[in-house]
Amino acid sequence: MAYSYTNSKGNTYYLHMKETTLKSGNTYPLYFFSKEIKDEGALDAVPEGRIVSETKNGLPVLKKAE
């Protein structure tokens, strides 16, 4: 089951991850929230060292834990 986050406006978002290849050839994880669960890339939990925060508009974002 994908990790879900309900924001202050009552909308539910699901956490996903996609591997991105940089120009240098290194791979980098790209984390994003979506209103729907996609077949590929859904995560069950927040990655270690990250926390979920909310922007002024109510969109969830991942931040580094302090």
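**Entry 1: a histidine side chain**

I began with a polar contact (a pair of N or O atoms within 3.5 Å, where within protein one must be able to donate a hydrogen and the other to accept it, and residues adjacent in sequence count only if both atoms are side-chain atoms), and found that the side chain of His16 reaches the backbone nitrogen of Lys38 at 3.0 Å. I note for all entries that this is a predicted model, in which local features need pLDDT of at least 70 and side-chain atom pairs count only at pLDDT 80 or more, while totals for chains, interfaces and linings use all residues. Residues are numbered from 1 along each chain as its sequence is written, and side-chain values use heavy atoms, with hydrogens and water left out.

I placed His16 in strand β2, taking helices (H or I, at least four residues) and strands (E, at least two) as DSSP runs numbered from the N terminus. His16 counts as buried because its relative accessible area is 0%, where buried means under 20% relative accessible area, exposed over 50% and partly exposed in between, with a 1.4 Å probe and protein chains only. I then listed its contacts (heavy atoms within 4.5 Å): leaving aside neighbours within four places in sequence, His16 is in contact with Leu30, Tyr31, Phe32, Ser34, Glu36, Ile37, Lys38, Glu40, Gly41, Ala42 and Leu43.

**Entry 2: the chain as a whole**

I counted zero helices and five strands in the chain, which follows the pattern β-β-β-β-β along the sequence. The C-alpha trace spans about 40 × 30 × 20 Å along its principal axes, and 21% of the 66 residues count as buried. For the accessible area I used the Shrake-Rupley method with a 1.4 Å probe, only the protein chains shown counting as cover for residues; the chain exposes about 5100 Å², of which carbon and sulfur atoms supply 48%. Among contacts between residues at least 6 apart in sequence, 34% join residues at least 24 apart.

**Entry 3: the sheet**

I looked up the pairing next, with two strands taken as paired if DSSP finds at least two bridges between them. An open sheet of three strands has the order β1-β2-β3 with antiparallel pairing, and its edge strands are β1 (4-6) and β3, each of which pairs on one side only. Three bridges join β1 to β2 (residues 12-21), and eight bridges join β2 to β3.

I found Ser4 in strand β1, where it counts as partly exposed because its relative accessibility is 38%. Ser4 and Tyr14 are 10 residues apart in sequence, yet 4.5 Å apart in space from C-alpha to C-alpha; beyond four places in sequence, Ser4 is in contact with Thr12, Tyr13 and Tyr14.

Tyr5 touches Asn11, Thr12, Tyr13, Phe33, Val52, Glu54 and Pro60, with residues up to four places away in sequence not counted. I also searched for a nonpolar core (a set of buried Ala, Val, Leu, Ile, Met, Phe, Trp, Tyr and Cys residues joined through side-chain atoms within 4.5 Å), and the largest has five residues, namely Tyr5, Tyr13, Leu15, Phe33 and Leu43.

I located Gly49 in the loop between β3 (27-34) and β4 (50-54), and it counts as partly exposed because its relative accessibility is 41%. Gly49 touches Lys63, Lys64 and Ala65, not counting residues up to four places away in sequence, whereas the C-alpha atoms of Gly49 and Asn7, 42 residues apart along the chain, are separated by 21 Å.

Last, I found Ser53 in strand β4, where it counts as buried because its relative accessibility is 19%. Leaving aside neighbours within four places in sequence, Ser53 is in contact with Leu59, Pro60, Val61 and Lys63.
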